[in-house]
Amino acid sequence: RADLAEADEAAGLVAAVVAKAGRPVDVLVNSASVFGRSDLRTFTREELDRELRVNALAALDLSRAVAAQGREAAIVNLVDARVGDYVPGRVAYQLSKRMLLSLTRMMAVEFAPAVRVNAVAPGIVLPAEDMDAAAVERMARGNPLGRIGEAEDVAEAVAFLATSAFVTGQVLYVDGGRHLRGAADD
């Protein structure tokens with residue numbers, strides 16, 4: 001356990017896991033995330049800082065620790081299917097996930113050949129706590145498959161990327177095709 005908003009705790013997590021397991025980390029899945037509401041005109045630096053620390057910088061710290069093991073490993077970062085769109089009301093979150101996407105691509109180059117780094121971009125799977133049923137239904141209808149996904153869909157994508165020895169630097173969208181629509185409204 002670690003508070004990933006705290007750099008010291010995030011940096012020490014891999015060492016703690018290795019000590020407990022008695023072996024190096026083979027697969028790291030960076031899935032921790034905060035999903036706060038924030039508006040472009042009014043979000044604070046503190047809101048952005050928290051989202052960046054948890055959603056991007058902790059993943060970077062953990063990934064560097066895995067790469068520093070000096071052995072083969074796989075890293076899978078969870079970004080967001082709408083990382084290329086503008087999502088009003090989630091500005092700090094979106095900025096942090098865009099940063100994680102950029103870090104994914106950078107790490108795929110820098111940590112190769114021993115460490116493969118990829119990303120999964122889930123769409124509507126676990127609706128935000130502040131979303132009502134009507135909003136979830138609108139989002140479900142907004143993708144070509146016309147439904148929301150299941151946690152198993154994301155887990156299968158993560159497992160694929162974790163075990164595919166010749167795949168790195170990729171983003172696998174698990175969003176029912178929603179990303180194909182661009183920035184269209186849900």
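The lining of the largest pocket is made up of 23 nonpolar, five polar and 12 charged residues. Here Ala, Val, Leu, Ile, Met, Phe, Trp, Tyr, Cys and Pro count as nonpolar, Asp, Glu, Lys and Arg as charged, and the others, Gly among them, as polar. This is a predicted model: local features need pLDDT of at least 70, side-chain atom pairs count only at pLDDT 80 or more, and totals for chains, interfaces and linings use all residues. Residues are numbered from 1 along each chain as its sequence is written, and side-chain values use heavy atoms, with hydrogens and water left out.

**The largest pocket**

- The largest pocket has a volume of about 1100 Å³.
- Of the 40 residues that line the largest pocket, Phe35, Asp80, Tyr93, Gly123 and Leu126 are the closest to its centre.
- Helices α3, α4 (133–141) and α5 (151–163) are the elements that give two or more residues to the lining of the largest pocket. (Helices are DSSP runs of H or I, at least four residues; strands are runs of E, at least two; both are numbered from the N terminus.)
- A pocket is an open set of points on a 1 Å grid over the protein atoms alone, where a 1.4 Å probe fits, with protein on both sides within 12 Å along at least five of seven lines; lining residues have an atom within 4 Å of a point.
- Grid points are joined across faces, edges and corners, and a volume is the space filled by probe spheres set on the points.

**Salt bridges**

- The structure holds seven salt bridges. (Each is a side-chain nitrogen of Lys or Arg within 4 Å of a carboxyl oxygen of Asp or Glu.)
- Arg71 pairs with Asp26, with the closest N and O atoms 2.7 Å apart. This pair links distant parts of the chain, 45 residues apart: Arg71 is in the loop between α2 (45–67) and β2 (73–78), and Asp26 in the loop between α1 (7–21) and β1 (27–30).
- Arg23, Asp26 and Arg71 are linked in a network of salt bridges.
- Arg64 and Asp61 form a salt bridge at 3.3 Å between the closest N and O atoms. Both lie in helix α2, three residues apart, about one turn of the helix.
- Asp85 and Arg82 meet in a salt bridge of 3.7 Å, N to O.

**Burial of the partners**

- Buried means under 20% relative accessible area, exposed over 50%, and partly exposed in between (1.4 Å probe, protein chains only).
- Arg71 is partly exposed at 28%, and Asp26 is partly exposed at 32%.
- Arg64 is partly exposed at 46%, whereas Asp61 is buried at 18%.
- Asp85 is buried at 10%, and Arg82 is buried at 15%.

**A cis peptide bond**

- Most peptide bonds are trans.
- The bond from Ala112 to Pro113 is cis, with omega near 5°.
- Pro113 sits in the loop between α3 (91–110) and β3 (115–122).
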